[in-house]
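User: Please examine the structure shown below and discuss selected positions in it through questions and answers.

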Amino acid sequence: KTEAKENTMVHLGPEWYLNNKDIQFSAGDVIKVKGSKVTYENKAAIIAMTVWKGDSHLDLRNDKGYPKWNGWKKGQKNKRTK
């Protein structure tokens, strides 16, 4: 729920990536999200770049929106198809 009491879907990343992080999320957690607003299936959503939970935070994407879990390709050009 947002501060305006609206439900908004937040996409964090793949489950395998999140399961290997020190910070874990559960339904009902109070979080702060920095990301990009998008429309998914005709509903508002947020693609998370950074998420804060209490004093902890999780960086998920860089300033250009590229996911941290693609880091193993470091040095290669990121090819995207349309």
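**Surface and core positions**

Analyst: Met-9 is located in strand β1, which covers residues 9-11. The model discussed here is predicted.

User: Is Met-9 buried, partly exposed or exposed?

Analyst: The relative accessibility of Met-9 is 44%. Buried requires under 20% and exposed over 50%. Because the value for Met-9 is 44%, this residue counts as partly exposed.

User: Which residues form a nonpolar patch on the surface with Met-9?

Analyst: The patch has about 270 Å² of accessible area in total. Together with Met-9, the residues that form it are Val-38 and Tyr-40.

User: Is Gly-13 buried or exposed?

Analyst: Gly-13 lies in the loop between β1 and α1. Its relative accessible area is 15%, and the cut-off for burial is under 20%. Gly-13 is therefore buried.

User: What distance separates the C-alpha atoms of Gly-13 and Arg-61?

Analyst: Gly-13 and Arg-61 are 48 residues apart along the chain.

User: Which residues does Gly-13 contact, leaving aside neighbours within four places in sequence?

Analyst: Contact here means heavy atoms within 4.5 Å. With those neighbours left aside, the partners of Gly-13 are Leu-18 and Trp-69.

User: How many residues make up the largest nonpolar core?

Analyst: Among its members are Leu-12, Leu-18, Leu-60 and Trp-69. α1 and β3 each supply at least two residues of this core. Not counting residues up to four places away in sequence, Leu-60 touches residues including Leu-12, Leu-18 and Trp-69. The size of the largest nonpolar core is nine residues.

Notes: Residues are numbered from 1 along each chain as its sequence is written. This is a predicted model: local features need pLDDT of at least 70, side-chain atom pairs count only at pLDDT 80 or more; totals for chains, interfaces and linings use all residues. Side-chain values use heavy atoms; hydrogens and water are left out. Patches are made of residues with over 30% relative accessible area and no salt bridge: like charges are joined within 9 Å, nonpolar side chains (Val, Leu, Ile, Met, Phe, Trp, Tyr) within 5 Å. Accessible areas come from the Shrake-Rupley method with a 1.4 Å probe; for residues, only the protein chains shown count as cover. A salt bridge is a side-chain nitrogen of Lys or Arg within 4 Å of a carboxyl oxygen of Asp or Glu. Helices (H or I, at least four residues) and strands (E, at least two) are DSSP runs, numbered from the N terminus. Buried means under 20% relative accessible area, exposed over 50%, partly exposed in between (1.4 Å probe, protein chains only). A nonpolar core is a set of buried Ala, Val, Leu, Ile, Met, Phe, Trp, Tyr and Cys residues joined through side-chain atoms within 4.5 Å.
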